[in-house]
Amino acid sequence: MSRSHQPELSLDDDRMRLFLPLVYSAWSDGELTDDEITSICDAVDRHPNIDADCRTALRHWLDPSHPPTPVELEHLRRRVADWSAALESQPGSVVGLGLALTRATRRVSTAEEAAMADIDSTLGPLGPVPAGLRAPVVLRQLEERAATFPVAELTAVLDGQHAPIRTRMRDLLSRPEFEYVEGLTGHEYREQVLDWSRRLAEEGIGRLGYPAPFGTNQPGEFVAAFAQIGHHDLSLLTKVGVQFGLFGGAIARLGTAAHHEHYLADVAELKLAGCFAMTETGHGSNVRDLETTAVYSPDTDELIVTTPHELTRKDYIGNAAAHGRLAVVFARLVVDGIDHGVHAVLVPIRNPDGATAPGVRIEDNAAKGGLAGVDNGRLWFDGVRVPRTALLNRFASIDEDGTYHSEIPDPDRRFFTTIGTLVGGRIGVGAAAVSVAKSALTIAIRYAHRRRQFGPEPGAEELLIDYPLHQQRLIPRLAATYAYHFAYESLVADFATGTADQRQVEARAAGLKAFATRHALDTIQEAREACGGQGYLAENRLVRMRADADVFTPYEGDNTVLAQLVAKGLLSNFKQQFESMSPTGMVRYVLRRAAAAVTETSPLTRSATDPDELTDPAWQTTQLQWRRDHQVETLAQRIKKRLDNGVDAFDAFTQVQLHAVAASASHVDLLAHEEFTAALAELDPGPVADVLDKLRALHGLSRIKADLAYFQEHGRLSAASAKAVRKQHDRLVSELADESLALVDAFGIPEEVLAAPIAARH
């Protein structure tokens with residue numbers, strides 16, 4: 001020690017334990033005055049049975065004219081904190097801590113107890129133990145809270161009819177060969193993802209959606225398996241989606257028996273790696289106006305595929321840069337000088353030995369914002385010749401005599417039918433995005449159930465999950481994730497059976513993809529921020545998850561474009577009404593809207609404040625449906641007004657894009673709410689149904705709460721109702737926060753797949 005005139009007894013002596021917390025408290029915050037410090041020493045001096053060396057040392061260390069140096073004070077703090085760590089419980093005062101530290105090594109004498117009591121009576125309580133003296137919090141395990149429902153039963157509900165394939169995928173992805181590998185170079189990472197894809201192909205995952213005898217003809221199972229990969233590496237998810245979903249799916253759904261026989265088995269086993277070459281640099285989501293051509297040559301009975309200029313290159317094509325050998329190329333089919341619109345043609349891009357095929361140019365997209373394990377590339381075609389039979393001819397064909405045939409004569413209808421058959425890819429992307437949101441929430445909520453900070457007094461820290469603000473960040477997003485899960489369960493079921501109206505399936509797929517992927521990105525970001533600095537560590541996966549998932553917004557259709565497509569579908573119900581409406585009919589329509597406006601602003605409509613009413617699914621449906629319908633109707637009115645003023649139809653819609661996207665968002669909010677409600681109606685009463693109903697109620701209220709201004713501005717909710725919505729929303733958030741650990745556990749994500757240290761069970 002560096003102090004002058006150092007007494008023989010140092011602070012490291014066990015006899016000083018009784019006084020060490022008091023000494024540190026005196027100097028650590030400067031709250032004790034010189035007179036108070038002197039009074040402490042006098043109180044000790046009044047008890048002659050206290051060790052004389054201790055009295056001398058204490059006077060020395062509490063001498064106001066010789067305060068300890070920062071180094072000495074830190075030495076003292078560490079010593080006391082180390083001793084405190086061994087205590088079974090942490091006393092709340094410095095006097096209590098001194099007594100506890102002493103009792104840990106010997107019996108405290110009556111004189112010592114009296115001296116400490118005298119100090120308390122002389123100065124009053126010295127307050128809580130300084131935070132620096134408390135034992136550090138060691139996060140050894142999650143702080144479990146008893147769930148009100150059996151987690152395994154909820155997992156079974158979530159797994160639904162596809163429970164066997166989901167369980168199988170969890171087992172597969174938990175195997176050691178699927179363990180994440182850090183620090184790989186770009187080439188190594190791509191090869192690792194290729195290896196993982198081959199292992200899944202060996203397990204038969206690639207053939208799930210293909211027709212017999214090349215597959216099991218279970219498209220619903222493939223989507224379910226694909227969604228499970230969303231919990232794992234998203235480069236693997238993309239590779240699997242490109243190979244088995246887009247490339248193989250195009251052959252399966254746009255090709256005919258000869259194509260199936262020739263290609264599907266090799267595609268499913270990944271003996272033939274391929275690409276889905278649709279997107280062009282100059283057109284993006286506008287597939288109908290692609291410029292790549294496939295011109296039929298009757299002299300050679302071939303199709304000649306050409307990208308006529310730089311902006312017609314096929315861009316961002318998965319599997320193109322390294323592994324793909326064959327591409328499904330979308331091009332304008334020209335026969336006998338007539339452009340028949342966009343069709344799909346099989347074009348080799350590499351020879352079996354890996355060399356680039358003649359007439360093909362390939363360029364690596366190189367580094368991207370994420371998905372470093374996917375070999376995206378650009379493709380150019382310079383008069384590449386392929387056989388006439390390379391045309392995927394389910395909806396159109398060229399006969400041997402060079403005649404073009406199609407059972408769908410209208411080019412637009414033929415185009416949309418062709419694209420519509422590929423809706424499975426769009427469904428899979430959205431379903432996988434929900435899986436990513438589940439992973440992010442599982443990491444953040446598990447961390448919130450183990451991480452402590454701050455509290456009502458120094459050292460008395462609270463769990464993050466107990467902070468209302470932290471709950472508001474995560475729990476409404478958890479409810480929305482459950483809602484999207486059930487919305488996708490319904491959509492996948494209709495897609496797989498093929499019995500639902502195809503246009504309705506496509507519309508739901510577009511809307512859910514647009515807003516579920518946005519929800520996933522927002523959820524990952526919020527989860528990362530909610531984990532503080534730990535969320536920024538690569539080992540906890542959220543940073544890479546956010547970078548990799550960013551591609552979901554343009555993948556399988558740009559979200560803003562899809563939202564506008566949904567709006568156009570909603571408007572179709574109004575088209576005939578507005579176009580055929582006579583002046584008399586228009587007057588009647590205005591009168592009906594005026595009457596509806598009176599109803600909307602009536603006290604009866606706006607007075608809901610009772611919690612049971614606010615959480616009732618019928619009341620929530622009424623509100624969400626009114627908002628959707630009102631926004632669609634006013635959108636139609638805005639467009640009609642522009643058309644009446646001579647604005648071109650395309651420009652009229654473009655001018656109201658913001659309103660169109662808002663109407664689409666409201667529609668998807670309603671859709672998710674209705675599907676969640678419908679799923680609950682299928683469950684038997686019990687704890688699982690009860691907790692899901694709370695989540696359903698929270699989701700509905702959160703969508704109303706997010707747009708309270710709109711509801712109030714249009715007279716749907718009074719100020720009292722708006723306040724009641726907020727209050728009930730926050731109450732449900734608090735209640736579900738206690739259940740949140742069990743609710744994310746019900747997702748069933750294996751520890752090996754989650755692989756985030758801050759979310760580990762132990």
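The buried residues of helix H9 (residues 186–202) are covered by several elements, including helix H8 (163–173), helix H10 (219–229), helix H11 (234–254), helix H12 (257–268), strand E7 (360–364) and helix H18 (542–549). Helices (H or I, at least four residues) and strands (E, at least two) are DSSP runs numbered from the N terminus. The model is predicted: local features need pLDDT of at least 70 and side-chain atom pairs count only at pLDDT 80 or more, while totals for chains, interfaces and linings use all residues. Residues are numbered from 1 along each chain as its sequence is written, and side-chain values use heavy atoms, with hydrogens and water left out.

The residues of H9 that are buried are Tyr-189, Arg-190, Gln-192, Val-193, Leu-194, Trp-196, Ser-197, Leu-200 and Ala-201. Buried here means under 20% relative accessible area, exposed over 50%, and partly exposed in between (1.4 Å probe, protein chains only). The 17 residues of H9 should span 24 Å at 1.5 Å a residue, and the end C-alpha atoms are 25 Å apart, which agrees; the expected span is 1.5 Å times one less than the number of residues. Just after H9, Gly-204 takes a positive phi of about 85°.

Arg-190, in helix H9, has a relative accessible area of 12% and is therefore buried. With neighbours within four places in sequence left aside, Arg-190 is in contact (heavy atoms within 4.5 Å) with Ala-321, Ala-322, His-323, Asp-364, Ala-372, Gly-373, Val-374, Asp-375 and Asn-376.

Two packed helices are described by the angle between their axes and the distance between the axes. Axes are lines fitted to C-alpha atoms, for helices over the stretch in contact, and angles run from 0 to 180 degrees between N-to-C directions. Angles under 35 degrees count as roughly parallel, over 145 as roughly antiparallel, 65 to 115 as roughly perpendicular and the rest as oblique.

Helix H14 (residues 423–448) packs against helix H16 (residues 502–530) at an angle of about 25°, with the axes 8 Å apart. H14 is therefore roughly parallel to H16. The crossing of H14 and H16 is left-handed, that is, the near helix is turned anticlockwise from the far one by less than a right angle, clockwise being right-handed. This contact has 19 nonpolar, 5 polar and 3 charged residues. Ala, Val, Leu, Ile, Met, Phe, Trp, Tyr, Cys and Pro count as nonpolar, Asp, Glu, Lys and Arg as charged, and the others, Gly among them, as polar.

Within H16 lies Ala-514, which is buried at a relative accessible area of 4%. Not counting residues up to four places away in sequence, Ala-514 touches Asn-559, Leu-562 and Ala-563. The C-alpha atoms of Ala-514 and Val-561 are separated by 8.6 Å, although these residues are 47 residues apart along the chain.

For helix H23 (residues 617–644) and helix H26 (residues 687–705), the packing angle is about 30° and the axes are 10 Å apart, so the two are roughly parallel to each other. Their crossing is left-handed.

Helix H15 (residues 468–497) and helix H28 (residues 719–745) pack at about 70°, with axes 9 Å apart, and are therefore roughly perpendicular to each other. Their contact divides into 9 nonpolar, 5 polar and 1 charged residues.

Overall, the protein has 29 helices and 13 strands, and 52% of its 762 residues count as buried.
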